[in-house]
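Please view the sequence and structure first.

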Amino acid sequence: MFGDRNLMRSKIMAEDPQRNFRSAYYEKVGFRGVEEKRSLEILLKDNPLDVEKLSTFSQRFPLPSMYRIHVWKVLLGILPPHTDSHALVSRYRAEQFEDVSSALTAMRFVNAATPPTELYLRMYQLEIQQLPRRSELRSPVGGDEHFLAVARAMEEIVDDPVDCYWMIKCFVNQFNHKFGDSIPHLPKSLEHFLSQEDSGLLAHLKASGSLASLPYSLWFRRCFAGGLPESSLQRVWDKVISGSCKILVFVAVEILLSYKIMLMGINHPDGVFNFLSNMPQENTDAIVTKAIDLWHKYCGTPMHSV
């Protein structure tokens, strides 16, 4: 993939001999992301920002951690393309956050002891006009539990409560709006690509009855929130936020491939489900890297002019 990335640079990776020499040198000494970081900085100086170019960049390259939150906010529509409006819009976002949270406090849905993720859920419910009656409040189920899983993960990534709420809200809205119709079809896509990569493992999962009961909600409804540590998860979310839900399929495929030996020794669906729902966390960065390679292998690399 790294070779492909160098071959497919376009505008932001201009065909400049001096730049090409620098890129080769940086990669040789282990600073592969230096040129990508500089290219992103160039994009972020545009006014207005070109959202399509930022999206394509995020699809093709890993986002530097120092710019990730800002780029996510632009891609999620929290900040507008016109950078001279960012301060004003941020102030409006903060005021709306305060208004909604204060309303919930006044209605006694939340108080000072309410966990932030529950506050975010009630704020979201109020804003989409689905806040239950106080007498009907219950433990979160279904979509609410998916929301809370995303919220808990986002809380580990984003420090500021206002930014955190807006990013949870817009992430969930964007995901449901863009990919809601595609989610039911992702398990079939997983089966297809796993058949290409390891038909023996697929046959075992089918024979044991495990294929139908893989943790699809964790993988595809929650976008791996709660299943991957945040250091790995945010690299997956770079791709989801910039426009691809198919990356989720390849992460799932790579998890199955990575734990093939363990899975081949389990012959009961519950055992497979429990293992994959609580899989070890130490190898996840390598899994995500391989999954992104696999995604590019089957789906190609975005080639819009950037």
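H6 and H9 pack with their axes 10 Å apart, at an angle of about 85°. That makes H6 roughly perpendicular to H9. The model is predicted: local features need pLDDT of at least 70, side-chain atom pairs count only at pLDDT 80 or more, and totals for chains, interfaces and linings use all residues. Residues are numbered from 1 along each chain as its sequence is written, and side-chain values use heavy atoms, with hydrogens and water left out.

**Terms for packing**

- Helices (H or I, at least four residues) are DSSP runs, numbered from the N terminus.
- Two packed helices are described by the angle between their axes and the distance between the axes.
- Axes are lines fitted to C-alpha atoms, for helices over the stretch in contact, and angles run from 0 to 180 degrees between N-to-C directions.
- Angles under 35 degrees count as roughly parallel, over 145 as roughly antiparallel, 65 to 115 as roughly perpendicular and the rest as oblique.

**H6 against H9**

- From H6, Arg93, Ala94, Gln96 and Phe97 meet Pro161, Val162, Tyr165, Trp166 and Lys169 of H9 (contact means heavy atoms within 4.5 Å).
- By class, this contact of H6 with H9 has six nonpolar, one polar and two charged residues.
- Ala, Val, Leu, Ile, Met, Phe, Trp, Tyr, Cys and Pro count as nonpolar, Asp, Glu, Lys and Arg as charged, and the others, Gly among them, as polar.

**H7 against H9**

- The axes of H7 (residues 116–127) and H9 (residues 161–179) cross at roughly 55° and come within 11 Å.
- H7 and H9 are therefore oblique to each other.
- On the H7 side, Tyr120, Met123, Tyr124 and Glu127 take part; they meet Pro161, Cys164, Tyr165, Ile168, Lys169, Val172 and Asn173 in H9.
- The contact of H7 with H9 divides into eight nonpolar, one polar and two charged residues.

- Thr117 sits in H7. Thr117 is buried, with a relative accessible area of 11% (buried is under 20%, exposed over 50%, partly exposed in between, with a 1.4 Å probe and protein chains only).
- Leaving aside neighbours within four places in sequence, Thr117 touches Leu148, Ala151, Arg152 and Glu155.
- Ser102 lies in H6 (residues 86–106). Ser102 is partly exposed, at 34% relative accessible area.
- Ser102 and Met123 are 21 residues apart in sequence; their C-alpha atoms are 9.8 Å apart.
- Lys178 belongs to H9. Lys178 is partly exposed, with a relative accessible area of 45%.
- The C-alpha atoms of Lys178 and Gly243 are separated by 8.3 Å, and the two residues are 65 apart along the chain.

- H10 (residues 186–197) has 12 residues and should span 16 Å at 1.5 Å a residue; its end C-alpha atoms are 16 Å apart, which agrees. The expected span is 1.5 Å times one less than the number of residues.
- Leu186, Ser189, Leu190, Glu191, Phe193 and Leu194 are the buried residues of H10. Their cover includes H11 (199–207), H12 (216–221), H14 (246–258) and H17 (284–299).
- H17 has 16 residues and reaches 22 Å from first C-alpha to last, close to the 22 Å expected.
- Buried in H17 are Thr284, Ile287, Val288, Ala291, Ile292, Leu294, Trp295 and His296. H4 (51–60), H10, H13 (230–241) and H14 are included in what covers them.

Technical notes
Helices (H or I, at least four residues) and strands (E, at least two) are DSSP runs, numbered from the N terminus.
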